[in-house]
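My entries are below, in the order in which I made them.

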Amino acid sequence: MAGYDPNLKPRLRFVEAHPVDMDGTMGFTITDPTGLASSSITVSEAALFLLSKFDGETTLEEARQAFVERFNQPVSRETLAAMVTGLSDTMLLVGDAFDRYYESLVRAYEQAPTRKMMTAADLGLDEDPHELISDLLDSAPPSEPLHGRIGGILAPHLDYARGRVCYGTAYLPLINWPTPGRVVILGTNHYGRSSSVVATCKPFETPLGITRCDCEFVERLEARCGGLRGFEYDHAREHSVELQVMICQHIWGADSFEIVPILCPDPCGLSGFDPYDGNGVNLKLFAEFLGECIADDYRDTLVIAAADLSHIGAHFGDERDLDEEFLSEVEARDRAALALLAASQPDSFVEAVAAQENPTRICSAGCIYVAMTALAGSTVRLLRYDQAVDSEGQAGVTCAAAVFLFE
């Protein structure tokens, strides 16, 4: 962007600011949690103040004047113009440059033959993936026999190392289970652009092979609740579904079943089950439609809720240490919500998570709710609860394993 436009009202995209040391002074690394921006930037505390004024309502001249009043020192117009240019070039600003960039990513996703696994390098899959998943399943402690037909499971979407015990516990009952014709995988839309339900028909590719999507089933869902693929690119960088796909491929073979990948929004915000921007289907209606489509279909369908629970510690914004007292409080809150899952009370489950503004940041209430509603009439058996805690990094994520059983 050439020159300085005093009336320009730049708007920063949603970003995160992480404190860092800058040669003995406080600085901040600005990152894009969606991973769409080409790079991160590191700025001083003063520059962060200026960025806070890039809200789409404040002009550059107003931002400059606010800076002078706040810090009692000038900031040149050239500096502000350079900031805007730099932010635009790194795709951190709302505007035409970002729109063109995003559209190019969407086109590339649509044209690609498969949706490739994004976390493969992080999982240590340079060796034998089958061996890694076999070890994960072998880590599960033996459980009591399950009676009835398995309609679905609750499994983590943590990396395999931290979610090891709950992954193994959730998937172990499926080892000797007949291969389902269809696996509906309900993931969490962590950083996507949609505020509603998002489906994709792109085949998923992992180191274990390629698994096709059941596009006909997606189309039947869309016939009932409207388009689900307007923000299909949200799947490109979302890990919660792909981690389940590879375990299923290990158990049954990549080409022996089809998947229906679905990303679910969080129903615990102010808009509840409705998308906050009004664009998309109500989550409650979608869950009911999904249940009806499964019940009306001849193919055996397994539903997987790929769900983590609480996110705690300083890394996530808590001002408390991850000591025994805090972890016990978190477990009590988690288990109170899981008790409502076990009691098959989906609306009460969401209310419990949303209470007090979801203080432990349970991230997957949406996909758990959809599974509970779509699998109405099932009996839920909670098999395992676990807390993956990094005391040094002050980060903890909790998860659970459960199975949905029909007589």
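These notes cover helix packing, then cysteines, then backbone angles.

**Ground rules.** I am working from a predicted model, in which local features need pLDDT of at least 70 and side-chain atom pairs count only at pLDDT 80 or more, while totals for chains, interfaces and linings use all residues. I number residues from 1 along each chain as its sequence is written, and side-chain values use heavy atoms, with hydrogens and water left out.

**Entry: H11 and H12.** I looked up helix H11 (residues 346–354) against helix H12 (residues 365–374) and found an angle of about 165 degrees, with the axes 9 Å apart. H11 is therefore roughly antiparallel to H12 (angles over 145 degrees count as roughly antiparallel). On the H11 side, the contact (heavy atoms within 4.5 Å) is made by Pro-346, Asp-347, Phe-349, Val-350 and Val-353, and on the H12 side by Ala-365, Ile-368, Tyr-369, Met-372 and Thr-373. I noted 8 nonpolar, 1 polar and 1 charged residues in the contact of H11 with H12. In this classing, Ala, Val, Leu, Ile, Met, Phe, Trp, Tyr, Cys and Pro count as nonpolar, Asp, Glu, Lys and Arg as charged, and the others, Gly among them, as polar.

**Entry: H2 and H3.** Helix H2 (residues 60–71) packs on helix H3 (residues 77–89) at an angle of about 120 degrees, and their axes are 11 Å apart. Leu-60, Glu-61 and Arg-64 of H2 meet Arg-77, Leu-80 and Val-84 of H3, and I recorded these residues as 3 nonpolar, no polar and 3 charged.

**Entry: cysteines.** How many disulfides does the structure hold? I found 0 disulfides, a disulfide being a pair of cysteine sulfur atoms within 2.5 Å. The sulfur of Cys-215 has its closest cysteine sulfur in Cys-201, at 3.1 Å, which is too far for a bond. Cys-293 is in no disulfide either, and the nearest cysteine sulfur, that of Cys-225, is 7.9 Å away. I also checked accessibility (buried means under 20% relative accessible area, exposed over 50%, partly exposed in between, with a 1.4 Å probe and protein chains only): Cys-215 is partly exposed at 27%, whereas Cys-293 is buried at 3%.

**Entry: positive phi.** Most residues other than glycine have a negative phi. I noted that Ser-344, in the loop between helix H10 (324–342) and H11, has a positive phi near 55 degrees and is partly exposed at 36% relative accessibility. Gln-356, in the loop between H11 and H12, has a positive phi near 60 degrees and is exposed, with a relative accessible area of 66%.

Technical notes
Axes are lines fitted to C-alpha atoms, for helices over the stretch in contact, and angles run from 0 to 180 degrees between N-to-C directions. Helices (H or I, at least four residues) and strands (E, at least two) are DSSP runs, numbered from the N terminus. Angles under 35 degrees count as roughly parallel, over 145 as roughly antiparallel, 65 to 115 as roughly perpendicular and the rest as oblique.
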